[in-house]
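Subject: Structure for you to look at

Hello,

Here is the structure I promised. Please open it first, then read my notes below.

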Amino acid sequence: MNLRPRLIAALAIFVGMALVPPVAAALGDPFLTVIASRMLVFAIAALSLDLILGYGAMVSFGHAAYVGVGAYAVAIGARFGVTDLLAQMALGALMSAAFALVTGAISLRTRGVYFIMITLAFAQMAFFFFVSQSSLGGDDGVALTARSTLLSTDVLESDIAFFYTILAVLVLCYGGLYRLTNARFGRVLTGTRENPLRMQAIGYRPFPYQLTAYVIAACIASVAGVLLANQTEYVSPAYMAWSRSGELIVMLVLGGIGTLTGAMAGALITVGLEHTFAAWSEHWRLGFGLLLVLVVLFSPDGITGLLKRLGVGPRHD
Amino acid sequence: MTEPLLQVRALRKSFGALAVTDDVSLSVTEGELHAIIGPNGAGKTTLISQLSGQLAPDSGTILYDGAPITRLDMAARVRRGLARSFQITALLPGMSVLENVSLAVQARSGSSYRFWRPVADDAALSQEAMQALDEVGLADRAHRPARALSHGEQRQLELAVALATKPRLLLLDEPLAGTGGQEAEVLISLMRRLKDRLTIVLIEHDMGAVFALADRVSVLVYGQIAASGTPGDIRADPKVRAAYLGEEEEGTPDA
Amino acid sequence: MFNLFVLQLLNGAQFGILLFLVAAGLTLVFGIMDFINLAHGVLYMVGAYLMAMLSALTGSFWGGLLLALPATLVFGLVLEFLVFRRLYDRSHLDQVLATFGLVMILSEGVKIIWGAAPLSVSMPDVLSGSIPLLGPLRYPVYRLAVIAAGLASAVGLWALINHTRAGMLLRAGASNRAMVSALGVDISRLFMLVFAFGAMLAGFAGAIVAPILSVDPGMGESILILTFVVIVIGGVGSIRGAFLAALLVGVVDTVGRTFGPILLRMVMEPAAAAQLGRTLAPMLVYLLMAAVLFYSPTGLFGRKAAR
C-alpha cells in the first residue's frame, strides 16, 4: 500500500488546478478557467464512479444518469424558487438516491454482462423520462437564466469564484471518499471486489454494502451534475446519454481504476484531450475511439496494464 | 452423551441426473475431529459446501446446535460459529495478510457501516487479527500482500481467516491440498492444537494426517456414507480397504 | 378503437421482429462467449447505410438488398478478425471499452462518409401501397413484408439451431462453453461464424427498415439499448427468449405509446393523462424489464446461475 505518494499526487492536482485562474489571467485567456471548471466537475463524477467500479467492481454503464439528475435538480429547483447551490445539491442527491436505491437493488441481483446491460437500460429510462418532460424543455433541454446562488449571494456568477467552489467540492469529495475507502466500509467493499465468496465465508452479505456504495456514488455524481448545469448554464437530457456514461468509464480507465487520484487525473486528461481533439477536427471522436480500441487491444491487460508497464499506472492494492 | 453439535439428516443433492450427495446422514459431537475421506469425485466438497451454506441441498436437514440451519445462507452460518476453509485457496489476493484476517474479525465485531475512521487505526481489530496470524505462524508476514505468499503460507492464511471468525465448528476442505513435506507438517501440528478447543470436520486425502488426527472417520463413496467409525474400525473395514484405501496406498494423494 | 388496436399490434409486431433480428446474434455472442458487445447496434446502422448506398447505386431495392447482405456479413467478419477475437478472454471492462471505442469510430465514420443528414431508401413498387385488412382497416404492404421476412428468418434460425450440427453446438455452447471446447470443437471458428451471421442479421434488419425509417447516424444507439432490454428479459443466450421478449417489447412499446394515454384518460383529466402518458410510454419497456428481473434475475429463459 503506497498511500503517501498518491496523497501527494492528489495534493499536486489540487494545487496545480488552483493555479489555473491566476495563470489564465496572466495569459489573458479566461477560457482556460472555463475548461478547467469542466475538468473539475468531471473529476467529481469520475471519483464517484470509481467508488463503485474501481472499489466495488460493479461495472455500471449508467452513471451519467445521476449526473443528469443532478443537473435537472438545478432546473427543477429554480422553477420552485430554490436557487441555492447547496439546497439544489441536496435535492439532486435525494432524487438520485431514490432512483439509485430502486434500480440498484434490482441491478445488483445480477452479475457480469447482465449488470452492465441493466444499468445502461435504467439510465436510458431516466433519459427518456426527462426527454418527455416538455415543461423542462423536453429533448432540447432548458437554458438557465442564472447560476445558482450560494448562501443568498450571486457570487457564483464570477467564473473564478465558481471555479474555486467546484475545486472545494472536489477536495471535499476526495477527502470523504479517501476516508470512506480506508474505513471499515471501504474494506468490505474492496474485499467483495477481490473475492465475494470469501467475504460470504467470513460472514458478510455483499448486497447491502454494494447497494450502499451504489447510492453514495449516485449522490456524489448528482453533486457533479448540479455543478455541471451551472458550468454550462444549461440542462439537457444529453447529459445522461449512454455515451456520457461510457466517457466516464474511459476517464477512470485512463487514469487508473481503483485509485481516487487516478480517477481525478483520468477526468482531467480526458476532458483536456477532448478539447484538444475537438479543436483539431469535428470528427475528433473517430480519433478518440481509435485510440481507445488500440490501447485496449495492444496492451494485454488493458489500459491499466499499459500504464503499469510505463511505470505511471496505479496498482490494484 | 449430549446432543451432537452438527447433525445431518438424509441430505440429497443432484446435478442433473448425477446424485452427488445421496442420502447422507452424519453427526458430529462437540469436541471431536471428524474426518471425511473418499475417492476423488465422491462428493466431499459438495457436502462441505452444503454444510457451509454455499450450496442448497435438494432435500434433507442440517441441524447445528440443535437448530435447523438448512435454509440459512453462508454469512448467517458463519455468524453462528460455523466456519469453513476452501480447498482451492480463496483469499483476497490484493489485500495484505493482516487485512485478510482483520476483515474476518470485523465481520463479527461491530458495524461495518463506518465510513470515516480508518480501519488501520482500529487497534482492537488488528490485535485480534494478529493473534490469529500468530496462531498459524504467519505473524511476520502480516503486511505482505496475500498473493505474495507461498502456497503453504496461503494454506496457513486460509486457516487463520477461518479461525478469526471465532468458530465453534470448523469445516476444513483439504487444508493440506498441494502442500508437501515441511509445509504439511506445520499445518498438521496446527490442526492438532486446534482440535483441543474446536470441533472440526476435516476432508483430507492425506491418510497419514487423517489417521493421526481424527477421532472418527466417515467414508464417502459415490455420494453415500459407506462406513463410519473410529480410525481403527475404518482401517480394519475390508469394504473400505477395497473401495478406497487400497487405491490410495498405491497412488499418490491427489490435490 | 379496435381497429387502432389491431393496427398498433401489427406495428408492434413489426418493431419486435426487427428487434429480434438484431438481438438474435447478440444474445448468442453474450451467451457463448460471455462477451459484451456495445458495437452490435452500429452493425444495424451500417446495414441501413449500405442498403441506402447500394440501392442507390444499383437503382433498385432488390439489388441493394442482395448486395447489402453479403456486405454486412463481410463487414462482421472483418470486425471479428480485427477486433473482437482479441477481446474474448478479456475482462468485461476491457470489452466495454474497446467496443465503445468501436461505436465512436463507426458512428463518426458513417458521418464522414454519408454525412449527418438522414438518408432515405425508396420502397420497391411491389411492396408499396396498402392492402385491406378487417373491413375498413388497411395496412401497408411493406410492413407486412417486414413481418413476413422477419418471421421467415426466425423460422430459418430455429431450424438452423435445432436441426443442424452447428446449431447443436451453439445450444450446448450457450449453456456450457467448457463442454463444447471439451468436445474438441474449434470454438473460435464457431464463434467467428456466429458473430458474422449475427452481424448479417442485424444488417438485414437495418436494410429492410431503411425504407420506413430515416437512415441516420443515431439509429444504432437507440436500438442497441432496446436490444439489451430484449436480451435481459429473454435471458442471455436464449434465442427463444429473445424472440418472445422482442415481440413483447415491440408490442408493449408501440401499443403503450398509443393506448397508455387513452387508458389514463379514463381515470384522470385529459391534460394530466396526456402528460403522464407521454412520460410513462417510453419508460414502459424498462419498467417491464425491471419487473421481469425482480421476478427472475436471469430473465425468462436464462440460465439459473448468471455469471
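H3(A) and H11(A) are roughly perpendicular to each other (angles of 65 to 115 degrees count as that; under 35 is roughly parallel, over 145 roughly antiparallel, and the rest oblique). Their axes come within 9 Å and cross at roughly 80°. Axes are lines fitted to C-alpha atoms, for helices over the stretch in contact, and angles run from 0 to 180 degrees between N-to-C directions. Helices (H or I, at least four residues) and strands (E, at least two) are DSSP runs, numbered from the N terminus.

A word on the source. This is a predicted model, where local features need pLDDT of at least 70, side-chain atom pairs count only at pLDDT 80 or more, and totals for chains, interfaces and linings use all residues. Residues are numbered from 1 along each chain as its sequence is written, while chains are lettered from A and ligands numbered from 1 in the order in which they are written.

Which residues of H3(A) meet H11(A)? Among them are Phe42(A), Leu49(A) and Asp50(A). Their partners in H11(A) include Leu248(A) and Met251(A). Contact means that C-beta atoms, placed from the backbone, lie within 7 Å. This contact has 9 nonpolar residues, 1 polar and 1 charged. (Nonpolar: Ala, Val, Leu, Ile, Met, Phe, Trp, Tyr, Cys and Pro; charged: Asp, Glu, Lys and Arg; polar: the others, Gly among them.)

H11(A) turns up again where chain A touches chain C. That contact takes 37 residues from chain A and 40 residues from chain C. On the chain A side, H6, H11 and H13 each give two or more residues. H6(A) has the largest share, 13 residues. The side divides into 25 nonpolar, 9 polar and 3 charged residues.

Now chain B. Its pLDDT (the predictor's confidence in each residue, from 0 to 100) averages 88, and 95% of the residues score at least 70. Take care with residues 248-255 of chain B, where pLDDT stays under 50.

Chain B also has an open sheet of 4 strands, in the order E2-E1-E4-E5, with antiparallel pairing. Two strands pair if DSSP finds at least two bridges between them. E2 and E5 of chain B stand at the edges with a single partner strand each, so one side of each has no neighbour in the sheet. E1(B) and E4(B) are joined by 5 bridges. Gln7(B) has Leu63(B) as its bridge partner. Helix H1 of chain B packs on the sheet and touches E1, E2 and E4.

Best wishes

Notes. Two residues are in contact if their C-beta atoms, placed from the backbone, lie within 7 Å.
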